[in-house]
Amino acid sequence: DYSESGKYEIRSKLSKLDYNEGVEKVSMSDVSAFIVDKNANRIDIRSNSALLNTTTYKTGFFGDVQIKYLGSVITSNKLDFNFKENIILISDNILFKSINTKIEADNVRIHLLTKEIEVFMNNSQDKIELIHIK
């Protein structure tokens, strides 16, 4: 369980609580969050808005999403953090930049416990665009 091995913190400038069928959800705007794993690796997230389920801690980040992780910057329009499965799925207009590389793809999945990063397209026939930056 990630809650025993890491830390997750989320903040926003404006929040609104909503109760629906016994589930509390928090709608947020102007959001910043960070995740720190048990090895002190940190992921910083910023977005225009987010929706947090306080029961499962599943969080969706939306609009101008920026992720900083292991020296890379990933921008997109959507990020889903699954707290229980320790997975981040980034989608919708992704640009992944590292020191010498720029990647355009449909999805990036980060497995927090293994540090594995998968970059893939929605349609397996489509190609990931990889550009070497000098």
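**Reading a pocket, its strands and a core**

The largest pocket holds about 180 Å³ of space.

Me: What kind of model is this, and how are residues numbered?
Reply: This is a predicted model: local features need pLDDT of at least 70, side-chain atom pairs count only at pLDDT 80 or more, and totals for chains, interfaces and linings use all residues. Residues are numbered from 1 along each chain as its sequence is written, and side-chain values use heavy atoms, with hydrogens and water left out.

Me: How is a pocket found, and which residues are closest to the centre of the largest pocket?
Reply: Rolling a probe the size of a water molecule over the atoms shows where empty space is left. A pocket is an open set of points on a 1 Å grid over the protein atoms alone, where a 1.4 Å probe fits, with protein on both sides within 12 Å along at least five of seven lines; lining residues have an atom within 4 Å of a point. Points are joined across faces, edges and corners, and the volume is the space filled by probe spheres set on them. Here 13 residues line the largest pocket, and Lys58, Thr59, Gly60, Asp80 and Phe81 are the closest to its centre.

Me: Which elements give two or more residues to that lining?
Reply: β3, β4 and β5 do. Strands are DSSP runs (E, at least two residues), numbered from the N terminus.

Me: How do these strands pair?
Reply: Two strands pair if DSSP finds at least two bridges between them. β3 (residues 42-53) and β4 (residues 59-69) are antiparallel over 8 bridges; Ser49 is bridged to Phe62 in β4. β4 and β5 (residues 72-82) are antiparallel over 9 bridges; Phe61 is bridged to Leu79 in β5.

Me: Which residue in the turn between β4 and β5 has a positive phi?
Reply: Leu70, at about 45 degrees, in a hairpin with 2 residues between the strands.

Me: How do I read the largest nonpolar core?
Reply: In soluble globular proteins, nonpolar side chains tend to be buried together. A nonpolar core is a set of buried Ala, Val, Leu, Ile, Met, Phe, Trp, Tyr and Cys residues joined through side-chain atoms within 4.5 Å. The largest has 28 residues, and Phe61, Leu79, Ile88 and Ile90 have the most contacts inside it. β2 gives the largest share, 5 residues.

Me: Is Ser72 buried or exposed?
Reply: Ser72 lies in β5. Ser72 is buried, because its relative accessible area is 11% and buried means under 20% (1.4 Å probe, protein chains only). Beyond four places in sequence, Ser72 contacts (heavy atoms within 4.5 Å) Ile67, Phe96, Lys97 and Ser98.

Terms used: Helix = DSSP H or I, 4+ residues; strand = E, 2+ residues; numbered from the N terminus. Buried < 20%, exposed > 50% of the residue type's maximum accessible area, 1.4 Å probe, protein only.
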